[in-house]
Structure formats: C-alpha cells, structure tokens
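This briefing goes through one structure by topic. The sequence and coordinates come before the notes.

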Amino acid sequence: MSENVTSNPRSLGAVWRRLPVVHQLRQSVGLQRGMLVAGLVITGIFLLTAIFAPLLAPYSFNQLRDDAGRFSPQEPPSAKHLLGTTVGGFDVLSRVIWGSQTALLVIVFAVLLSIFAGILLGLVSGYLGGWVDRVLVVIADAVYAFPTLLLAIVAAIVITGGESDLLGGVLAASISITVVFVPQYFRVIRAEAVRVKSEAFVESAKVVGARAPRIMFRHVLRNSTRTLPLIFTLNSSEAILTLAGLGFLGFGIEPTQAAEWGYDLNKSLSDVTAGIWWTSVFPGLAIVLVVLGITLIGESLNDLADPRLRARRRRRGSTAADAAAAAAPATIETEGAR
Amino acid sequence: MTTTTEAPASPPTAAKPARSKSGGGGLARYLLVRFLLIFPTVFILVTMVFLFMRVTGDPITAAQGGRLSAAQLQERIHEAGYDRPILVQYFEYLGQIARGDFGTTLTDNQPVTKLLLEYGGATLELAFYALIVALIVGIPLGMLAAYLRDRWPDAVLRIFAILCYATPVFFAGLLLKLIFSVWLDVLPVAGRASARTELQITSIDSPTGIYLIDALRTGNGAVIGDVLSHAVLPGLALGLLTAGIFLRLVRTNVIGTFSMPYVDAARSRGVRESRLVRKHALRPALVPIITVMGLQIAVLLGGAVLTETTFEWEGLGFQVAHYLQARDFVAVQGIVALLAVIVAVTNFIVDIVAAIVDPRVRF
C-alpha cells in the first residue's frame, strides 16, 4: 500500500500496522477516529466481561438463593442486588454479565461457521462458474431476501425442537444464524473471486500448471479477503440481534442452563406494564451497547475503505473540525492523503 | 454509480442491475425476466422450509411429543400421512402450494390462507405506519447529515442511526411502553384499539381489517383518535429500526452525488444550497433507496413478529409467535411459506418501480 515515512518499515511494527483494524485506526482522523476508538473500547469491555464473567458476577446466572435464604422476586435495585431481581427471582446484574458470555459464544460459533461455509461456496462458485454458480447465486438471492428472523426460527425449530441446554442452545442459535449469513459471505467472496480470477497472476499460475484447488486457495482466496473484517463486524452485531430475537420468541436457552438477554426481556414483558423497569432496561441496554460497539467498528471500517466517505484532511473549504483533526496527527499525513 | 456506495448493506442492489445488463431488449424483457425469477425464488424457499421441518421428524411428534402414548402418536401420524416417503409428501406439498393451499393449522384447524385474510390487514397497517415513520425521520435527517458531513451534527445523527439499528425492536417497544404508557400515561399499553372502539369498528358492514380505514369509514372522531393513539408506539418502535437504515443510506448516497461536477456547476450558477440538496443531490440518490425499501419489506416482516408480540398487535407476526408457543409447526411452516411468496412478489414490484424511476437499471 503506502510507504511509512516515520519509522522503520520492516520488523514487527510494520506487520502490526498492516493488521486490519490497526491499519484503519492509523488511517482515520477526527470524528471517524473517535467512532472507531469508541467502538473498540465498548467491544473490548464486552469481551473482558464475557471472559471474566465468573469473577465479575456477584451470583451465578441460575442462583435463586444464598446463605441468607431465597431471593425474593421482582425486588428493586438494592445493595444486595445492585440491579434488582427478575420475576423468577434471579439477580439481574449477574444475568446481564453472564449473558455476555452466551452472546460471545454465539458470535464465535456463528461467524466461524458462516465464514467457513460461505468462503468455500463463494470461492468454488466464483472461480469455477458455470451452472453450479448460477444455481448457487439464485439460492443465495432467495435466502438473502427472506426475513432473517423467520428463517432462523425455522432452523431453530429443527435443531432444538424448542428448548435446550447451553451448548445445544448456543449451537442451535449459531447454526440458525449461519443459515442466514452464508449467502452474505458467499456473495462477497464470489464477487471477489470473479474479479481476481481474470488477473494476470492467476493466468500465470495456470500456465505453470498449478491445479484448481491450489489456485483457488493460494492465489484467489488470499486476494479476496479485503472486505471480510467489515462483514465480520456487521454479522457479529446481527448475530446478537438474531439471538436476542429468538430468545424473545421463546427459542432461547433455558434460564437454568445459561443467561440470555432476549429471554430475560421476554420474561420482563409483563413487568413493564406494572412499572417494574429494572428487569427489562438492563439486559436491553446490554444488547444495545454491544451491538453499538461492534457496529461503530464496522461503520468506521466501511467509511475508511471508501475513498469518497473517508474524512479528508486537505480539502478546499474543509471545516474547522477537519482542520483541527488534520493538525494533530501530522506524522501520518502522507498515508491519509494518498 | 451511486448504488455501490452502501456496499455491505446492499450487495443485491448492486448485483441486480449488473446481471440484467447482458439482456438488451429494454423494459419488457427486463420485467419478464424479473417476473420469471419469482418462481425459482419461491420454490427454493418453500423447499428449504419443507426440508428443515421434515428432515428431523414430523410435526405431530414435535407438537404432541410427551403428551400422547406411542400408539396414539403413531395413529395420528398415519392419519395425517406423515409416515409416507418424504418425496411423496414433498411433491404433494408443492402441489398444494401451487394451488394456493398453505396447509391447515394443527391446533385449531384453520386454513393458513384464512389466517392471512384475517390478520394480514393488521400487519400491513403496522408496516405502513412504520414506513411512514422511517421516511419522515430517515430522509430529512440523512440529507442533513450529508450536508453537514464530518461535523458534530453528522456524528450525532450517525450515532442515532446506529442506535436505531442496535436497539432490538422489542427493547425499543418496551422502553416506549415504559415511558409513554406507564410513566407518562399518555398512550395505550398494547392492542390495536380499546375494546369499545373495536366493537364499533367490527360492527360496520364488510370491515377491511385495516383499522385505520375502518375507523375513517365510521367517521367518528373518537374512534379514529383511539385507533391512531394505539398505532403510535408500535409504529415508532418498528419504524425507527428502518429509519436508521434510511438515514445511513440517504447520507452515503447524497454525499456521493454531492461531489458530482453537475452539483458544482449548479452551485456556480447561484442555485441556493437548500435547493442543491433537495433537488440536485437527493433525486439521483433516491433510486437505491427504493431498491433498499424493497429489501426492507423482509426486515419489516421479521420485525413485525417481534413488534406485534411486544404490543399484542394481532397480526400475522403475532400469530407466528402464538403458534410457536403452541408448538404448532404446521401453522408456522404455512405462514412462513406464505410470507415467502409475499416477499418475492413485493421484491418484483419494487424492481419494476426502480426500473421505471431509473432507466440505467433496465438497460
């Protein structure tokens, strides 16, 4: 891409700077950088919460009593239960914290599964072309146009028959989400594969005698991944929303097996009418924050990838904010104005 | 090319015009191809739904599983014909769909098509309110954000747009309910109308099922007011979700057209800034919005299931949730298949509109 003028271009630093998000962070200015940083911070907090849930949560997600006796249901926030208790007598704070773990598991499973299936199908379809390609494209189009949630519901019915434990529930949600996401990865990778396969280096690989699988994975795939971080973030946030939607409709994970925000929101539906706000507001805010954080990263990556949307430093009639932002990180001027 | 600006959100919008380029032949040919595409789309979705539901078992075991003895279960399965080879059942199912028969619910023996007639109006009404909210909020704010790009109002608006997307409809619904119905007590908590209004509306001859139209026909101000007051919160909850998407789309596309030379030319001729945004930059940016609006139908239908459950709005989505709880998967399968047809047909209509508005699409 561009030459770095400030420091040693080789070594670990150079590799570090070319990593997806790091590269964009250095490229960004002003508000865009602010959005990206905010997104990274929120997502970081989410990841830490999910990993350290057992240490952070005051109680377990399915704990109904402690040494002092049973938790009373629908208790307002107090010193003992910082965010109150649910209608079932669970501690809201604990369930919100544990819920992050379920959400992270689903993101990891769902995105890994769909990346794997989508990339494979997209690569084969785009590189080989022919009738397989056409059929796959029509199928992907059909699935793409269909309401995500309805498709996920149908998939969830098959996989779980309605209810399940943590692993089963997470897998079911992940697979349901995968079914919906595969077409998106498929589309992107296919489009890239079609673009890349007419490049000269693919031609030369063929002349040298490389076989199709090798060309596909070594030459085409390596050059088709530039939009993946972007879709990755978009899908992660959509995975959380779909999981919450499934949970809200009663296809979540049983409350004794794991904490799931959508399920808790469903249980709090009737609380709201009675003015009990703490059972719904906190799990809901957790969903909003996590999706917000991940989407902020995705949005920023999208803008930075598009030269028309990238904030420009040297521009006739640029605003005061632009000028201020431009003055600060002068060292990467050459890269940004490229 | 303004269509590719929103790359991740709308790959199909970018892909469709590209594929139809090979044809030539103009509008008629384009419409024919698009029309014929409805059939494979519906076929694929219906097949997928069928396979999903049947590969692992039959709906009767799923619904009644623990409650019947093995012999009773077997008898019921045999009666319904679920013990025949899956291919036979599949072709029979396709035949039914082709004849417009989407099955009968297990729990209360209702034909699914009747459910559509009974509850479709409510969902349509909700989608209509949501679209209005989305357009009123999304388009002007998107133009504003584009015009003030990279300044603080733009940042605020973009974060608002992301928040709209990040908030699950049901959570937005719960918050709205909490604020406006419980704390401020100015709007009704749930339902499509109060009991008295509902009585007045259903008693007029040949009610449409779309309460707004029926209320207008009664000509009674109180009835109309009641119906509208019930519509505000669900319409907002579902509409804001789409508004965020419209806002982003308008912003990106107006930024795209705003940097075109013809806008500079117009500006140098002394055209006012407000007119530049409204006429010169917005018009060409509207084409992708129409296409995305079509894709939003799917989002709205999915969101309707959640919104209707949150607000006890008795439409098709509410029914899906209801039958899911009752574990009546024949009903769910039927409604989902029916929605597949509706989605395919609306996408076709949207494509026609897009082709009429934008000549580039059809050549």
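How many helices and how many strands does the secondary structure of chain B come to? The count is 16 helices and zero strands.

**Confidence in chain A**
- The average pLDDT of chain A is 73, and 76% of the residues score at least 70.
- Where pLDDT is low, predicted coordinates should not be read in detail.

**Chain B overall**
- Chain B has 363 residues, of which 47% are buried.
- Of the contacts in chain B with a separation of 6 or more, 73% are between residues 24 or more positions apart.

**Where chain B touches chain A**
- Contact between the two chains involves 52 residues of chain B and 54 residues of chain A.
- Several helices of chain B each supply at least two residues of the side that touches chain A, including H2 (26-55), H11 (221-258), H13 (273-311) and H15 (329-357).
- H13(B) gives the largest share of that side, nine residues.
- By residue class, the side of chain B that touches chain A holds 37 nonpolar, eleven polar and four charged residues.

**Nonpolar cores**
- The largest nonpolar core has 195 residues, and A:Ile153 and A:Val154 touch the most other members.
- Helix H5 (residues 92-128) of chain A contributes the largest share of this core, 18 residues.
- Leaving out residues up to four places away in sequence, A:Val154 touches B:Val49, B:Phe52, B:Met53 and B:Val336.
- A second, separate core has six residues, among them B:Ala193, B:Tyr211, B:Ala215 and B:Val223.

**A:Gly126 in helix H5 of chain A**
- A:Gly126 is located in helix H5 of chain A.
- A:Gly126 counts as buried because it has 26 C-beta neighbours inside 10 Å, the cut-off being 20 or more.
- Apart from neighbours within four places in sequence, A:Gly126 is in contact with A:Ile189, A:Arg190, A:Ala193 and A:Val194.
- A:Arg195 is 69 residues from A:Gly126 in sequence, and their C-alpha atoms are 8.8 Å apart.

**The two faces of helix H10 of chain A**
- Helix H10 (residues 212-220) of chain A has the buried residues A:Ile215, A:Met216, A:His219 and A:Val220.
- The exposed residues A:Pro213, A:Arg214 and A:Arg218 are on the face of H10(A) turned away from its buried side.

**Backbone at B:Glu312**
- Most residues other than glycine have a negative phi.
- B:Glu312 sits in the loop between H13 and H14 of chain B.
- With 13 other C-beta atoms within 10 Å, B:Glu312 is partly exposed.

Conventions: Residues are numbered from 1 along each chain as its sequence is written. Chains are lettered from A and ligands numbered from 1 in the order in which they are written. This is a predicted model: local features need pLDDT of at least 70, side-chain atom pairs count only at pLDDT 80 or more; totals for chains, interfaces and linings use all residues. Helices (H or I, at least four residues) and strands (E, at least two) are DSSP runs, numbered from the N terminus. A residue is buried if 20 or more other C-beta atoms lie within 10 Å of its own, exposed if 12 or fewer, and partly exposed in between; C-beta atoms are placed from the backbone. Two residues are in contact if their C-beta atoms, placed from the backbone, lie within 7 Å. Ala, Val, Leu, Ile, Met, Phe, Trp, Tyr, Cys and Pro count as nonpolar, Asp, Glu, Lys and Arg as charged, and the others, Gly among them, as polar. pLDDT is the predictor's confidence in each residue, from 0 to 100. A nonpolar core is a set of buried Ala, Val, Leu, Ile, Met, Phe, Trp, Tyr and Cys residues joined through C-beta atoms within 7 Å.
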